[in-house]
Amino acid sequence: MTDHHGHLYVTGATRAGRLAAAGRLLGPEGLAAPRFTCHHLARGPYTGLGMFLHSIVPTLYSTDPAAVLAHQAEIVAVVPELAELVGWPAETLTSSALGNERTRWYSRLRTRRIAHGVVDLLRVYAADAARTVVFDAVHDADNTDREFLAIALRRLDPGQLRLVVAAGDGSLGEELDAAVRRYAQRVNAPSLSRPADVSPELASAGVLDLARAFVASDGTSDDPAERDGYARVDAATRSRLHDERADELDGRGEISLSLGAIPYHRVNGSAPDTAGWDATIAAVGYCLEAAFYDAAAVLCQELTDRADFHRAPERYWESWYLTAHALSLSPRLAEVQPIYYDLLSRYDGAHPHMTLNYAISLLYTRLFSPQEKDHRRALAHANTAVAIASLIPEDEDRAFHLAFMKNGRALVTMHLGDLADSLRAVEDGIARLDRELAQDRHRLHRSVLHHNRAQLLGRMGRPAEALAEFGTVLSFDPNYQEYWFDRGNLHYELGHFDAAAADFEQAARLGPPFPELFQNRGALRAATGDLDGAVADYRYVLDMEPDVASARVCLASLLVDLGLSEQAADEARTGLEYAPGEAALAAVEGLALLTLGQAEPAGQAFARALALDPGNQVALVNRAVLACEQGRPDDAVADLIRALTDDPDNPDLAFNLGYAYEAAGRTADAIAEYTRALDLPGADRADLLYRRGSCHAGLGDSELAHADYAAHLTLGPSPYAEEIGEFISVAASA
């Protein structure tokens, strides 16, 4: 073995073996390193990361409270118990809505954002000294811990914070498998454990002690003796041990325990169908609200295993509808539709059919892949949901259900391109709720309707109304991160750069980081001349998610503008490793190479880009530049004509085509193209008049040349003034 200073991936059948192997490799430092189990039965989502943060945040908060509070939302999401120390994040209507008023659910990307924010915090934590931390039982971890570890292995410098990922054999999931292969050294550990001396002659007290130890591990122990002891005690004893452990953990009042160990013990205790059911339902509800959708789906398995439609139809509905809800927000989307149709076949009430038709419409219009989407089918289900809602007896719930179902239909009609119909439906919903409900009812859904109205107005070219509506949205829900981000985007599109910057900053303060925010802020900074700030934002985006090709293109292009073309070419090549089919990356690589004077490889890069995208403007224009430099003006003309096919009113392209015509000796064509360009908005009239005047002069038409030169000189100081003066003087003497 060689270097043990990087991240480690230790595999082995038992915890004892894995930790022993890690200790041997890491030496004294490793033996002292903190170790945390990631087994999901202990604390559910973020079991390992949560215990790690619980151990370091109090000290870090005492020395650097600003760093901790900058990541308050992430910390409390991972370890809700730490809210007693750092406080609860600013409440939003989403976080505070209860019962049927919770009509919006976080994106499944929320846990990814949380992981990125925590990595940023851990960089602060490890900045002053090299540290090591061991995460064990990763093979039994919830996907939140696995996602965090995959991101952390990539983003954390092992010279500052070295991660030891310890797990049993087998897959850890696609992303983490790839991360340990690329960023960690693998070590195979021997199997070590206590002797499993559990023969029938063993005293009953010994077996009981082993069973009690297994239960005390919250079902996470892989010690063969403890597992065997647990299996040998009678069922009544096992139930009693689980009850005792559940009571003990309940007494601690820790939310994270209620997501893992407590429901595990209640389900295996003396009252699985009552206490077990209630504990699991509560855990599912929390996980759904926190965007822990994979964990919710796993917990739901306990419910569906116990649900019998004929004995308890209400439990069957609850367990399977919650399962479908969790799966619809997870990568397991293919499993959802069969559940919905099973429920449709079993229930004949208005509410179930309204709810299920609405849910199926969302599958077809929002959640399915582009290949699977079918907006017409979605509209059919949305119309059914609206029709059923309209038949519900008159009361405040009918008003809400109608507004909610029509808002769902508005989403479908928007996807079908009928923005006016979508806007009418949204405005009808707003008016209905204002008219028929008390102002404190369904505030979350009211904010959603106003947000939808703001977005529709923006798309319909009514920006002033859209901005006013965003003001209404933020008056409802001032702490919701995405609202500030969306308004910032609108300000940016309208050229309100200061307002956009303020909105983006507020969005960054209110929640975990996400790539789109910093990519858009990078574009804003570039537009306002802060190129260094833009580079920093694009680098941060790629630090978070290196496969974001658009950010890589923007970064490489900026580096070319800053004269850092070698870095730009490296960035483009790195991007092509993640996205080999991305034409824009090949084109910007060619641009960087062209500025470095590497004509042949630049031409090859442009050719690759155009093979992927024959209309790529960067490749076409710069290959034309290269062709002119190499004395191939006819090739330049061909590329520029192709570029103008997709962008016929681009005055710069028209200018370049005129110049290429000149180089090819096609002076009349050059004059015609310069003349066309002069009528285009944004044209550089001074240069165009000079070039056209030179063409006229070359053809011997002194009068037209003189007119163009004179018009050129009226536009301001000219680098060609001396040359023009000589021409006018010679023409006058002639």
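The following paragraphs go from the whole chain to its sheet and then to a few single residues.

This is a predicted model, in which local features need pLDDT of at least 70 and side-chain atom pairs count only at pLDDT 80 or more, while totals for chains, interfaces and linings use all residues. Residues are numbered from 1 along each chain as its sequence is written, and side-chain values use heavy atoms, with hydrogens and water left out.

The chain holds 39 helices and 5 strands; helices (H or I, at least four residues) and strands (E, at least two) are DSSP runs, numbered from the N terminus. Along the principal axes, the C-alpha atoms fill a box of roughly 125 × 75 × 45 Å. Of the 734 residues, 52% are buried, where buried means under 20% relative accessible area, exposed means over 50%, and partly exposed lies in between (1.4 Å probe, protein chains only). Taking contacts (heavy atoms within 4.5 Å) between residues at least 6 apart in sequence, 61% join residues at least 24 apart.

The chain carries 66 positive and 105 negative charges, whose mean positions are 5 Å apart. Lys and Arg count as positive and Asp and Glu as negative, with His and the chain ends not counted; the place of a charge is NZ of Lys, CZ of Arg, CG of Asp or CD of Glu.

The strands are the next topic. An open sheet of 5 strands runs in the order β2-β3-β4-β1-β5, with parallel pairing; two strands pair if DSSP finds at least two bridges between them. β2 (35–37) and β5 (184–188) each have a single partner strand and stand at the edges, so one side of each lacks a neighbour in the sheet. On average, neighbouring strands of this sheet are turned by 20 degrees against each other, direction ignored. Axes here are lines fitted to C-alpha atoms, for helices over the stretch in contact, and angles run from 0 to 180 degrees between N-to-C directions.

The pairings can be followed across the sheet from β2. This strand pairs with β3 in the parallel sense over 3 bridges, and Arg 35 has Val 134 in β3 as its bridge partner. Strand β3 (residues 131–136) is in turn joined to β4 (residues 161–167) by 5 bridges, again parallel. Within that pair, Val 133 is bridged to Leu 163 and Val 134 stands opposite Val 164. β3 is mostly covered, with 5 of its 6 residues buried.

Val 164 in β4 is the bridge partner of Leu 8. β1 also pairs with β5 in the parallel sense, over 5 bridges, and Tyr 9 stands opposite Arg 186 of β5. Because 5 of the 5 residues of β1 are buried, this strand is largely enclosed by the rest of the structure. In a regular strand the side chains alternate between the two faces of the sheet. Both faces of β1 are covered: His 7, Tyr 9 and Thr 11 are buried on one side, and Leu 8 and Val 10 on the other.

Helix α9 (residues 143–155) lies across β1 (7–11), β3 and β4, and runs at about 140 degrees to β4. The loop between β3 and α9 contains Ala 137. This alanine has a positive phi of about 55 degrees although it is not a glycine, and at 6% relative accessibility Ala 137 counts as buried. Most residues other than glycine have a negative phi. His 442 also has a positive phi, near 50 degrees. That histidine lies in the loop between α22 (419–436) and α23 (443–459) and, at 1% relative accessibility, counts as buried.

Two further residues have contrasting surroundings. Gln 72, in helix α5 (residues 72–78), counts as buried at 17% relative accessibility. Leaving aside residues up to four places away in sequence, Gln 72 touches Val 86, Gly 87, Trp 88, Pro 89 and Ala 90. Ala 334, in the loop between α17 (313–328) and α18 (336–346), counts as exposed at 71% relative accessibility. Its C-alpha atom is separated by 8.6 Å from that of Phe 368, which is 34 residues apart from Ala 334 along the chain.
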